[in-house]
Amino acid sequence: LPNKILVQWDGLQMGNIQLPPNFPHDKTCGLCGKYNLNPDDDFYIRNGPTDLTENAIEFANTWALSTWYIQCPVVPLTPTNPCDNFPERARLAEFLCSNHLYKLPFSSCHDTVDATVYYDNCKQDFCGSEWRR
């Protein structure tokens, strides 16, 4: 892209936008934030340049765009655990995430880093991954 902007997308759920170091500050918005090294002003919602939110889900919902072939659903502001909807995936997620996080090399860090949040996130990611369906 012009100005050496790099945009990558995995075709499903992962996107990456890289701006060059000399890109002008305060010239971006949306998921890129304002690109001014101030994370406190990155969550401007789409409907107004002065409307800020602290809720990442509300922020993302305002920037979601539907296409002619896919309706972009509004995500509930209160997160849900996908493992609650797919108990068969939850059992496999518990097994796989436990095997990865509670064995070497990660188990050697557990005295310093509590693995619980990573374990819970691993399970939710596994249960909610679209590629598995």
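## The nonpolar core

A nonpolar core is a set of buried residues of kinds such as Ala, Phe and Cys, joined through side-chain atoms within 4.5 Å. In this predicted model, the largest such core has 5 residues: Cys83, Ala90, Ala93, Phe126 and Cys127. Two elements each give two or more residues to this core, namely helix H3 (87–101) and helix H4 (116–128). In soluble globular proteins, nonpolar side chains tend to be buried together.

Leaving aside residues up to four places away in sequence, Ala90 touches Cys83 and Cys127.

## The chain as a whole

The protein chain has 4 helices and 2 strands, and reading along the sequence gives the pattern β-β-α-α-α-α. Its C-alpha atoms fill a box of roughly 45 × 35 × 30 Å along the principal axes. The radius of gyration is 19 Å, whereas a compact globule of 133 residues would have a value near 14 Å.

How much of the chain is buried? Of its 133 residues, 20% count as buried. The accessible surface comes to about 10,300 Å², and carbon and sulfur atoms account for 57% of that. As for contacts between residues at least 6 apart in sequence, 24% join residues at least 24 apart.

## Rings that pair up

Next come the aromatic rings, which form 3 pairs in this model. One of them is Phe23 with Tyr35, an edge-to-face pair with 6.0 Å from centre to centre and 75 degrees between the planes. Both Phe23 and Tyr35 lie in the loop between strand E2 (15–18) and H1, so their pairing ties together parts that are 12 residues apart in sequence. Phe23 is buried because its relative accessible area is 12%, under the 20% limit. Tyr35, at 23% relative accessibility, counts as partly exposed.

Another pair brings together Phe43 and Phe59. Their ring centres are 4.5 Å apart and their planes meet at 5 degrees, so this pair is stacked. The pair links distant parts of the chain, as Phe43 sits in the loop between E2 and H1 while Phe59 belongs to helix H1, 16 residues away.

## A charge over a ring

Where does the charged end of Arg89 sit? You will find it over the ring of Phe86, 3.8 Å from the ring centre.

## Two exposed loop residues

The loop between E2 and H1 also holds Asp40. With a relative accessibility of 64%, Asp40 counts as exposed, because the limit for that word is over 50%. Asp40 and Thr53 are 13 residues apart in sequence, and their C-alpha atoms lie 9.9 Å apart in space.

Further along, Val74 is found in the loop between helix H1 (56–63) and helix H2 (82–85). Is Val74 buried or exposed? Its relative accessible area is 68%, so Val74 is exposed. A distance of 8.1 Å separates the C-alpha atoms of Val74 and Ala64, which are 10 residues apart along the chain.

Terms used:
Residues numbered from 1 in each chain as written. Predicted model: local features only at pLDDT ≥ 70, side-chain atom pairs only at ≥ 80, totals over all residues. Heavy atoms only, no water. Buried < 20%, exposed > 50% of the residue type's maximum accessible area, 1.4 Å probe, protein only. Phe/Tyr/Trp six-rings, centres within 6.5 Å; stacked < 30°, edge-to-face > 60°. Lys NZ or Arg CZ within 6 Å of the ring centre and 35° of its normal. Contact = heavy atoms within 4.5 Å. Rg over C-alpha atoms; globule rule 2.2 N^0.38 Å. Areas by Shrake-Rupley, 256 points an atom, 1.4 Å probe, with all protein chains shown as cover.
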